[in-house]
Amino acid sequence: MAADRLQVDTIVIGGGIAGMQAALDLADQGYRVALVEKNPSVGGKMIGLSKVFPTLDCCSCITTPKMAAVAYHDNIDLLTYSEVQSVSRNEQGFVVQVLKKPRYVIDDACTGCRSCELVCPLDLPDDANEFGRTAHRVIYVPFTTAVPQKALIDIDQCVFCGKCLQACPSDAIDFSQLPAFLEIQARSIILATGYQVTRYDAKKQYGAGKLRNVIDGLMMERLLAPTGPYGRVLRPSDGKQPASIAYVQCAGSRDETLGVPYCSRVCCMYAIKQAMLLSGMLPLADITIYYMDIRTFGKGYEQFYRSAQAMGITFVKGKVARITEDADQNPTVRVELIDDHSQVVERKHDLVVLSVGMLPGGDPQALYGVPTSEDGFVRIPNYNVAPATTTQEGVFATGTAIGPMDIVDSIVTASAAAAEVSAYLQSHYAAGSLTDAERSLIHA
Amino acid sequence: MPDPTAESQTAAAGKINASSPAGAPRIGVYVCECGGNIGETVRCEQVANALGKLANVTIARHYQFMCSDPGQKLITDDITEKGVNRVVVGACSLFLHEQTFRKTVERAGLNPYLYYHIGLREQDSWVHHECPADATAKAIRMMSAGIAKARLMQPLAPVHLDADQRVLVIGGGVAGLRAALSIARRGLPVTLIEKSHFLGGHVAQWEHLFPTDEDAAALLEGLIEEVIAESKITIYTGAEVVSTKGYVGNFDIRIRVQPRGVAKDFAAVDQAIAACPVQVPDEFNFGLTQRKAIYQPYVGCYPASPVIDREHCTRCNECLRVGQNGGIRLDEPPVEIDLKVGAVVVATGFRPYEPFAGEMGYGEFPEVITLPQLERLLATNDRLEWNARPVRRLAMIHCVGSRQIEGMHAPQPDGKVNDYCSRVCCTATLSAANRIHTRFPNVTIYDVYQDIRTYGRGHEDYYVRACKNGVTFLRHLPEEIPEVIRSEKGAEYPLLVKVKDRLTWGEEIELPVDLVVLSVGIMPSPISDLVDMLKIAPGNDRFLLEVHPKLRPVETAVAGVVLAGTAQGPMTVQESCAAAEAAATKVAVLLSRGKVELEPYVAQVDPERCQGVGECVCVCPQEGAIHLETRIENGKMLRRAVVTAANCNGCGVCVSVCPSRAIDVQGWRLDGFEAMVEAITAETPALEGVA
Amino acid sequence: MTTQLRTPVCKVLILATLSGGYRGADAAGQSHLEYPSNSYILPVRTAAMFPPSFYLNAFQQGIDGIIVMYSGTDSPYKGESERTAKIINQTYVLMKERALDPRRLRLAAICTVCVRPFLNEIQKMNALLEEIGPAPRGLPTALIVQAQSAS
């Protein structure tokens, strides 16, 4: 039974890879952690990816054990489908009000058997996970590897036919469920609020999202993933297997006109990775990457770039000026070929992927009083030496909340945040602001 | 509400069962219907009835929801009332509820490893939906395999090792300092050793840090002050590891500390330095200047007292004559200290790539320097001059010693080229270019590059600013390496940089310049002895290798040895500090309880069967996990394999090669698998009547 | 024994690593994908622990096809993948010597969400067994003992 008041050492906001790692690192040291995730499952953006660079290992194989670990850890209270409503300070740190959204399914009773899905008569486009490419029922378990494996109902779309009620073997359906409020007393806060991708329809010159065969990198991840909608790569307009695929780099980064002047750090590598996976799945396809600078800076990344070149992926230096389409909805790319006497050419492809960048996942100012820098990411005053400490005492930030970064760097900075938080907690407990007896009471 | 008396009884029973064998098998078997998920396909009652007839099965039940509280109570009641001492549950996937049921049996006083889980839902009812009879028959076989395994199961206990909480941090650069500070603040004692006689590493040599535009000296000073103030940190400079023994939680490490040769309170520092007649290139300024054999690298260094450079000291005793008897001792021997530590943080850092003689004119023309040298030049001079002539035009060339291509670039002595990107040089180069522009606005700057990699937070600003500052960028292809040549006699500028510039239609451009700056890459510090002693491994790029870049990004294959900073690969100061803090966290997870708990799934040798052939030792991929020991028994010399549980990860490679079946992985014994195969293939009478 | 009639006659043993194939099998289950019920999946910690004699014994006891579903290069254990491949190759030699069709033993890298590759492997093995029938039994024990020492 969920208590309506919880006392923890740290509350982690965001159950993506960074939030999960920080929670696990602290819980493994014996600290009590509450992990709050606004979506119905933990896993963040990472669980939706296909294979990950530079090792090309299966993404879900790396994410799912961590998802299970946060769900079953004795020191972690996992609150999914929950959102922070307000935060205030008191002598013991912070009082955080959390709203647990109703799933209309009783958590403790649901076994994730999905019998309800079989009988539910209504399909909805799966926007959250598949960009509307597939459907889920009105009552559904978010995705195969979701944690927790519990159903929820999209109550706005439900016609209350009652079929799930009859089908559920454990009487878990509860149409009258109300939002629940939970008060968490936390000594510290970690913001792991992640990122969103820059909008692929933002740029007029790239078709403003109206060209059907122009998609973004995250959509391509789903097409490539073994858990993806079709199980193979098909282009949206006609379901044709593309024979010529182009990547447009910096489509949403290093672009003052979009208000994103910075480099998003991951796009070069994910484009190269996707190109490699595509050339495995579609051996006859031509794959071209149009770039300004190839930024394969990380450990093993330059070697990864070289092997992509050796595989026959074409790299063309040049910023794409415009994308249009012909009568068959084939996207045409207008680009200046800088390495080829800067001639301006138009090239037709079957599918164009915009390598979109990263924007901050949220603004922490209102709830947490944490200011952001000009780039919109959390401001870290002592960035070089204490990369997780914000301007607000007791509030830390990690992962892509503090700037674009890849999975490796997110995991490392998450562990770094855990170090800064544990040092902060130790200084409080050692300074006698809590006696051992009080501490044991908290954790009783 | 549970009865408190019952609780204490079961707790006591748990203790007994964990250490003693569980007795003759009395197996409780439970078939979960999972609502209709299993029950609608598999006839659970029939399965339970069939299994109830098998040997050693004390009770076989079926129930709607085994994972529910009443379901779990069935199990705990059977353990306490019917003397069940092994439990097999067939339910959903083991990934969902194996842990749940292990805790259930433990609550009832049974060793949690006397539990076996069968995935009847994901691997039977859900995949054989169309033929309930087949699914039922398969359930019986799957469950009887579990029962066969259960008959052979033995109680297991996690391997607990007492651990020393002290941590050794090797390297006193920014990563080592950061790691030491974080570990100490977590409450663990730290010994920090630095090979040179001063803390701070390479950061001390930079004047300026990106992306914060802060003063590097101030950052370092702040960090060192915090480290010194931390009572849990013991610092040795001039110290190196000379030997290591042991394993996670229990390392015995001997360090050798070289004497400074100068007393802490020695006052006549300036006079002694002035008196020294020796002149050697000053490594702190990358050889741009000279220093004495008694020296301090820079003002504000820590420790502040100077040191005698024993390699270059001629023992002329001139420094001794400046007074303050006993303040300087040239003949002090090094001291060896034995440390007991639970974990080791390797923060041995990097060295800048040293171009070979003639590479882009380096060593051939005095007007070719490296970026680190330029940094020292900027830090120590008010004017931008080289060879007493003002620098009017300057070319900076990227990727020297990075992104090298085999066959085109000369290999390092080990035969390999540096095919990696050094990550920090692009932003560092542009940062220097912008500072030059600000301080010396009339200097013309050319930037010769392949790709500008200003990837990090705030890095792109340096690129944008450089463009606004009028830096001229020239881009070449990787295979069209620029050349640096001497200008014709009498030319206005001493050097020419030849670039085939792709930004101007591939034109061959000659840049006349006063100075060429090579943006050299990063290479790991030479630490092969330490690598051998710790039994860790470098990767193909010679940097130290992590276990897995995502699962365990700062841990090495040796438990208890973790990586911090540029020993692992090129990193910025921020990335080094983040990695160092991550290393601190891993160490804290390992040692904060003073005990290391390891899974019981480690290799175990049956000394009765072992013949001491040593095949297991040959194939074991884990350093220090298994070795042969010789002992005398009844006047006979016997050789037996011995497992060091702390180093074994239970990979089982040894099991496959043992000629006498004397070794097994606990919990995953080969005989258990054989029994399961036998049960699966048996013409079991239990199947009769299934239709 | 009516069940014997309905179930395919041959039995397939699948050794599936917890970090790979076993999760792949679970994923197939979560997708409710049907496959023949003659396959028995045993979770293994690592595939590298089984000596050739284990496989020979299993064929001897009544298993007709074995698929080792390991994690390939994604294995969390250093050397597991190489060692497993080596053992399987050794076993092939011993199988040929004993007139066992080596195709009865397959090594496949199956990841945690490799549902299709998982089903493919099972289908391929069943197609093969339909073609070549049950494994020949009644090997002299001596040969098995010999295999034991050869491993």
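Q: How many residues of chain B are in contact with chain A, and what makes two residues a contact?
A: 54 residues of chain B are in contact with 51 residues of chain A. Two residues are in contact if their C-beta atoms, placed from the backbone, lie within 7 Å. This is a predicted model, in which local features need pLDDT of at least 70 and side-chain atom pairs count only at pLDDT 80 or more, while totals for chains, interfaces and linings use all residues. Residues are numbered from 1 along each chain as its sequence is written, and chains are lettered from A in the order in which they are written.

Q: Which helix of chain B gives the most to the side that touches chain A?
A: Helix 14 of chain B does, with 12 residues. A helix here is a DSSP run of H or I, at least four residues, numbered from the N terminus.

Q: What residue classes make up the side of chain B that touches chain C?
A: The contact takes 47 residues from chain B and 41 residues from chain C. Helix 17 of chain B supplies the largest share of the chain B side, eight residues. By class, that side has 28 nonpolar, 10 polar and nine charged residues. Ala, Val, Leu, Ile, Met, Phe, Trp, Tyr, Cys and Pro count as nonpolar, Asp, Glu, Lys and Arg as charged, and the others, Gly among them, as polar.

Q: Why is B:Ala583 called part of a nonpolar core?
A: A nonpolar core is a set of buried Ala, Val, Leu, Ile, Met, Phe, Trp, Tyr and Cys residues joined through C-beta atoms within 7 Å. Buried means that 20 or more other C-beta atoms lie within 10 Å of the residue's own. B:Ala583 is among the residues with the most contacts inside the largest core, of 394 residues, so it is buried by that definition.

Key: Helix = DSSP H or I, 4+ residues; strand = E, 2+ residues; numbered from the N terminus. Buried ≥ 20, exposed ≤ 12 C-beta atoms within 10 Å, placed from the backbone.
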